[in-house]
Amino acid sequence: MTFKAPDSLAEQIAHYLADRIIRGELKERERIQEQKVTQALNVSRGSVREALLILERRHLIQILPRRGAQVTELTPHKVESLYGLVIELYILLARAVIERWQAESDLAPFVDIQQRLLDSLQRGDIGAFVEHSFDVMRAAFPFADNPYLQETLENLLPAISRTYHLALERRKGEMGQFMNTFASLLQAIIARDHGRAREVLLAYGEHNCQLVLATLAER
C-alpha cells in the first residue's frame, strides 16, 4: 500500500482501516491486531497505535484493557443516539447557511454537489454517493465558521457513513429519497425558511434512523 501527503501516516492508516470497517470488511467485535496491520502495510507499530486512537475517537473501534482494539458494535441505542445528535448539528449548519448566504453564487457549491449526487445515483455508486452526501455538510462549514461544530461532525462522520453504507447496500432506492430530501432542503435555504429546513432534516433523520434499525433487525 502506498501512502501520500498531505495526511499524516497515522491518519492514512486510520482512513484505510475506517474504510474497511465502514464497508463491512471488518466485522463488529472483530479484533484489529497491531502486528498484523504493521506487517500488512509495512508501517511502524507506533503509527498503527496512533491510528487506532484516531479510530476510537471517531467511534469505529474501542480499545479494551488486555484485549486490544476491536470494531465497535452497532446497536439500536447507539444508532438512535447518533442520529439524535447529528441531525441537531445539521440543523445548526442549515440555520447558518440560511442566515449568511447573500448572493446566488454562494449557493453554487450545493448545486454542484447536487449534480455529483445525481451522477453517482445514476451509476449506482454507493461509495461515491455517500461521500458526496457529506460534501453537503462540508460546504456549509464556512457559513457556520464554528471550529467546534466542524470538529464534532468530522469525528462523527465515519460512524454515520458506516450506517449509510449498511442501509444503502440493502436498499439502493434510498439514494433517490436522499436526492428528494436535499432538493427540499435547498429550497428551504433559498427561501430562508428556518422552520421548513428543520422540518426536512428532522424527517430525514427519523427516516434514516428507522431504516438503519430495520436493517440491523434483519441481520
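Colleague: How do the residues of the lining of the largest pocket divide into nonpolar, polar and charged?

Modeller: First, a caution: this is a predicted model. The lining of the largest pocket divides into nine nonpolar, four polar and eight charged residues.

Colleague: What volume does the largest pocket have, and which residues are the closest to its centre?

Modeller: The volume is about 450 Å³. In total 21 residues line the largest pocket. H15, I22, E131, L157 and P158 are the closest to the centre.

Colleague: Which elements give two or more residues to that lining?

Modeller: Helix 1 (9-22), helix 6 and helix 7 do. Helix 1 has the largest share, with six residues.

Colleague: Which residues lie nearest the centre of the largest cavity?

Modeller: Y90, V136, M137, L185 and L201 do, out of 19 lining residues. Helix 4 (76-100), helix 6 (126-144), helix 8 (174-190) and helix 9 (194-218) each give two or more residues to this lining. Helix 8 supplies the largest share, six residues.

Colleague: What is the make-up of that lining by class?

Modeller: There are 17 nonpolar residues, two polar ones and no charged ones.

Colleague: And the second largest cavity: which residues lie nearest its centre?

Modeller: Look at Y164, L168, F178, Y204 and N208. The lining of the second largest cavity has 14 residues. Helix 6, helix 7 (147-170), helix 8 and helix 9 each give two or more residues to that lining. By class, the lining has nine nonpolar, four polar and one charged residues.

Colleague: Let us turn to packing. Which residues touch the most other members of the largest nonpolar core?

Modeller: Again, the general idea first. In soluble globular proteins, nonpolar side chains tend to be buried together. The largest nonpolar core in this model has 57 residues, and Y90, F110 and L153 touch the most other members. Helix 4, helix 5 (108-123), helix 6, helix 7, helix 8 and helix 9 each supply at least two residues of this core. Helix 4 gives the largest share, 13 residues. Y90 also lies among the residues nearest the centre of the largest cavity.

Colleague: Take F110. Which residues does F110 touch, not counting residues up to four places away in sequence?

Modeller: F110 touches V97, V136, A139, A140, F143, F182 and L186. Apart from this core lies another, of 20 residues, including L26, I32, V43 and V48.

Colleague: I32 leads me to the strands. What is the order of the strands in the open sheet?

Modeller: The order is 1-3-2, in a sheet of three strands with antiparallel pairing. Strand 1 (31-32) and strand 2 (61-64) are at the edges. Each has a single partner strand, so one side of each is left without a neighbour in the sheet.

Colleague: How many bridges pair strand 1 and strand 3, and how many join strand 2 to strand 3?

Modeller: Strand 1 and strand 3 (residues 68-71) pair over two bridges. R31 has Q70 as its bridge partner in strand 3, and I32 stands opposite A69. Strand 2 and strand 3 are joined by four bridges. I63 in that pairing stands opposite A69.

Colleague: Last, the backbone. Where does R66 take a positive phi?

Modeller: Most residues other than glycine have a negative phi, and most peptide bonds are trans. R66 takes a positive phi near 65° in the hairpin of strand 2 and strand 3, which has three residues between the strands.

Colleague: Is N42 buried or exposed, and where does N42 lie?

Modeller: N42 counts as exposed, at 71% relative accessibility. N42 lies in the loop between helix 2 (34-41) and helix 3 (45-57). Its phi is positive, near 55°.

Colleague: Where is H59 found?

Modeller: H59 is in the loop between helix 3 and strand 2. Phi of H59 is positive too, near 70°. At 43% relative accessibility, H59 counts as partly exposed.

Note on methods. Residues numbered from 1 in each chain as written. Predicted model: local features only at pLDDT ≥ 70, side-chain atom pairs only at ≥ 80, totals over all residues. Heavy atoms only, no water. 1 Å grid on protein atoms, 1.4 Å probe; cavity = no way out; pocket = protein on both sides within 12 Å on 5 of 7 lines; lining within 4 Å. Nonpolar A, V, L, I, M, F, W, Y, C, P; charged D, E, K, R; others polar. Core = buried A, V, L, I, M, F, W, Y, C linked by side-chain atoms within 4.5 Å. Buried < 20%, exposed > 50% of the residue type's maximum accessible area, 1.4 Å probe, protein only. Contact = heavy atoms within 4.5 Å. Pairing = 2+ DSSP bridges. Points joined across faces, edges and corners; volume = space filled by probe spheres on them.
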